[in-house]
Amino acid sequence: MKTNTTGSTTATLIYLQRTLTELLQIPDYVHVIALDFSKAFDSVRHHSFVSKLADFTVPDYLHNWIVHNLSFRQHQTKLSGEVSSMLAINASIIPVSALGPAEYGFTASDLHTVIPTNCLCKYDNDTYLLVPSTNTQLISQELQHISKWASANNLNLNKAKSQEMIVYLPQKRRNFSNPSTTIGINRADKRNILGVTVSNTLTFSHHVTVLVEKCARSLYALRIIRAHGLAENALFDVAQATTVAQLLYASPAWWGFLETQEKNRLQCI
C-alpha cells in the first residue's frame, strides 16, 4: 500500500504514473477507481479531525491554534424576516482556505487499503484506488472497507459518481479481455485527474486536444483586450497568467509522454 503525501498536483500525478507503471510490470492491467465522497469538506467532524491531528508530531502552539480556529463557530438562518437562534457548527472545513486541504489530509490519514498489494493515491479530497488485475476479485472488499471508513468519519462514498478506468500497456492488450464492470461504478476510457486528462493507456493525446481548445479561446480573449488598448506589459502579464499557465500546468507529469506531432501542436501555440 502506498499513499502520496505531497502537496503538489504535479508530484501527485508523477507519483500516480510511477505507481501504475510499477504495478503493470507483471499484471495485464490495473483498475483505477476514482472515489467520490459526497460533500467531503462539509462533512468532516471537528472532533474526529482534532483527535487524528493529536496522533501527529505537531508543535503545541500550532495544534492549539488549529483547534482554536475551529472552535466557537456558529450559524443562524434568516427567512422572511424571522431569525433562528445561533447553533454551533461542529462539522465542515473550508476547502478554499490555506488550512482546508491539509485538514482533510489529516482526516483521511488513517484510510488504507485492506490488501497490501493494492494502492491508494490521495490528494486533497481526490482519492484513487489502484488494484492490479491479480486482485480484481478483491475490489468489492476494498470498496466495502472504504465505505465503512467513510461512514465512521461522517462521510459517504458515492458509487454513482465514482468512476473506474482499466489501465494497460498497449503491447499487453491482446493478452486479456475486459474484466466485468464493478457493480455500481461507471467505467470510462479516459479520466480527468487533477486537471490532466489521462487515457487508459497512459497517453495524453486527449489532454493535448483539450489544451489546444482552451488556448484558442484564451488567445481570442487576448486579441480582444489588446484591441481595446491594454498596454503591452499588462497584456504580457495576462498572457502569462492565462495561456502560458494553461500550457505549463503539471507539464513535468505529461510532456515526456507526448509524441512529436502532439508536441508540435503545443509549440505552434
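The model is a predicted one, in which local features need pLDDT of at least 70 and side-chain atom pairs count only at pLDDT 80 or more, while totals for chains, interfaces and linings use all residues. Numbering runs from 1 along each chain as its sequence is written, and side-chain values use heavy atoms, leaving out hydrogens and water.

β7 has two partners to consider. With β1 it pairs in the antiparallel sense over 6 bridges, where pairing requires that DSSP finds at least two bridges between the strands. Strands here are DSSP runs of E with at least two residues, and helices are runs of H or I with at least four, both numbered from the N terminus. The pairing of β7 with β6 is also antiparallel, over 5 bridges, and there K122 stands opposite T127 of β7. The hairpin formed by β6 and β7 has 2 residues between the strands, and D124 takes a positive phi near 55° in it.

β7 is mostly covered, with 6 of its 7 residues buried; buried means under 20% relative accessible area, exposed over 50%, and partly exposed in between, using a 1.4 Å probe and protein chains only. Setting aside residues up to four places away in sequence, L130 touches L16, T19, L20, L23, V30, H31, V32, N118 and C119, a contact being heavy atoms within 4.5 Å.

L130 also belongs to the largest nonpolar core, which has 30 residues, and there L130 and W254 touch the most other members. Such a core is a set of buried Ala, Val, Leu, Ile, Met, Phe, Trp, Tyr and Cys residues joined through side-chain atoms within 4.5 Å. Two or more residues of this core come from each of α1 (9-23), β1 (29-35), β6 (119-123), β7 (126-132), β8 (163-168), β11 (196-199), α7 (205-227) and α9 (251-254). α1 gives the largest share, 5 residues. Apart from this core lies another of 26 residues, among them F37, F41, A108 and L155. In soluble globular proteins, nonpolar side chains tend to be buried together.

Aromatic residues come next. The structure holds 8 aromatic pairs, counted when ring centres of Phe, Tyr or Trp (its six-membered ring) lie within 6.5 Å; planes under 30 degrees apart are stacked, over 60 edge-to-face, and the rest tilted. One of the pairs is Y29 with F176, tilted, at 4.8 Å centre to centre and 45° between the planes. It links distant parts of the chain, 147 residues apart: Y29 is in β1, and F176 is in the loop between β8 and β9 (186-187). Y29 counts as buried because its relative accessibility is 9%, and F176 does so at 11%. Another pair, F37 with W149, is edge-to-face, at 5.9 Å centre to centre and 65° between the planes. Here F37 comes from the loop between β1 and α2 (40-43) and W149 from helix α6 (residues 139-152), 112 residues apart. F37 is buried, at a relative accessible area of 5%, and W149 is buried at 8%.

An α-helix has 3.6 residues a turn, so residues three or four places apart point the same way.

N153 is in the loop between α6 and β8 and is buried, with a relative accessible area of 7%. The side chains of N153 and K52 are joined by a polar contact of 2.5 Å, meaning a pair of N or O atoms within 3.5 Å, one able to donate a hydrogen and the other to accept it, with residues adjacent in sequence counted only if both atoms are side-chain atoms.
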